[in-house]
Amino acid sequence: MTDRVYPNAAAATAANGAPAPKTAPFPATKSQLYGATRPAYHPQPHHRRRRSRSCCCSVCLWLSLTLILLIFLLAIASAVVYLIYRPHRPSFTVSAVKLSYFNITSSSLLNSKFDLNVSARNPNKKLVFTYNPVSISVFSNGIDVGDGVLPGFVHDTKNTTLLKTSILSKSHQLDSSSESTLKSSMKSKKGLPLEIQLDTKVKLKMGALKSPKIGIRVSCDGISVTVPTGKSPATASTSGAKCKVDLRIKIWKWTI
């Protein structure tokens, strides 16, 4: 049994000699319409980026040169000031220390009183120091045993100023380790080793020029005193006392 073949309408019409009917075209899809209307992509040359990069490089170069020039001018100005004024740091000396009383209660409370004399010398001929109030702390084996404050003062050229103050500690709570260390030193024949520390800020005046305030710390050691047993104060040994002056520069949160 053979399969039947059904010719399509166009073939049948052609066979009959009549023209084939025209078929209606299908409407275009959205993707075809979008592709026909979208312009062709032509990549642009990167001239603007190159120009912006070259401009940034030029700005950075000029800023670097300006910074180097400012540093160079500052160095020259500092050298000129140094040659004209020959600045020197002030010097400090502990001239006398007296201990009126020093006792530790059964509750680990420290009570003490020191009478302190410190000599400050300005060795400069053209430089005046103006000091803020000076905070003073007395330490023994790294333990704080007294604190006080000196008023601010002006230190003229080639001048020596005597600073006097009393350092007190009233009911200062000690931990067990500090109490043990201090009691051991109190029984020692050498007495209590003392370190005296002064912290302040100073402003320099050179003729019409004034500097910003600079932090300084004066640290003095080589001092010892025995604890008085009666009402008379004990005089400390200061023959081996040495003091050094360090600058304290604060940068953001750090002090160097």
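K125 is exposed, with a relative accessible area of 68% (exposed means over 50%, buried under 20%, and partly exposed in between, for a 1.4 Å probe and protein chains only). This lysine is placed in the loop between β2 (109-122) and β3 (128-131); strands are DSSP runs of E of at least two residues, helices are runs of H or I of at least four, and both are numbered from the N terminus. The model is a predicted one, in which local features need pLDDT of at least 70 and side-chain atom pairs count only at pLDDT 80 or more, while totals for chains, interfaces and linings use all residues. Residues are numbered from 1 along each chain as its sequence is written, and side-chain values use heavy atoms, with hydrogens and water left out.

On the surface, K125 gathers with R121, K126 and K158 in a patch of positive charge. Patches consist of residues with over 30% relative accessible area and no salt bridge, with like charges joined within 9 Å and nonpolar side chains (Val, Leu, Ile, Met, Phe, Trp, Tyr) within 5 Å. Lys and Arg count as positive, whereas His and the chain ends are not counted; the charge is placed at NZ of Lys or CZ of Arg. A nonpolar surface patch is formed by L69, L70, F72, L73 and I76, with about 490 Å² of accessible area together (Shrake-Rupley method, 1.4 Å probe, only the protein chains shown counting as cover for residues). Of these residues, L69 lies in helix α3 (residues 47-85) and is partly exposed, at a relative accessible area of 47%.

The largest nonpolar core has 40 residues, and those with the most contacts inside it are V97, F102, F114, I136, L182, L194 and I196. Such a core is a set of buried Ala, Val, Leu, Ile, Met, Phe, Trp, Tyr and Cys residues joined through side-chain atoms within 4.5 Å. Strand β8 supplies the largest share of this core, 7 residues.

The whole structure contains 2 salt bridges, each defined as a side-chain nitrogen of Lys or Arg within 4 Å of a carboxyl oxygen of Asp or Glu. In one, K183 meets E179 at 2.9 Å, N to O. Both residues lie in helix α4 (residues 176-187), 4 residues apart, about one turn of the helix. K183 is partly exposed at 36% relative accessibility, whereas E179 is buried at 13%. The side chains of D199 and R217 also form a salt bridge, at 2.7 Å, N to O. Because D199 lies in strand β8 and R217 in strand β10, this pair ties together parts that are 18 residues apart in sequence. R217 is partly exposed, with 22% relative accessibility.
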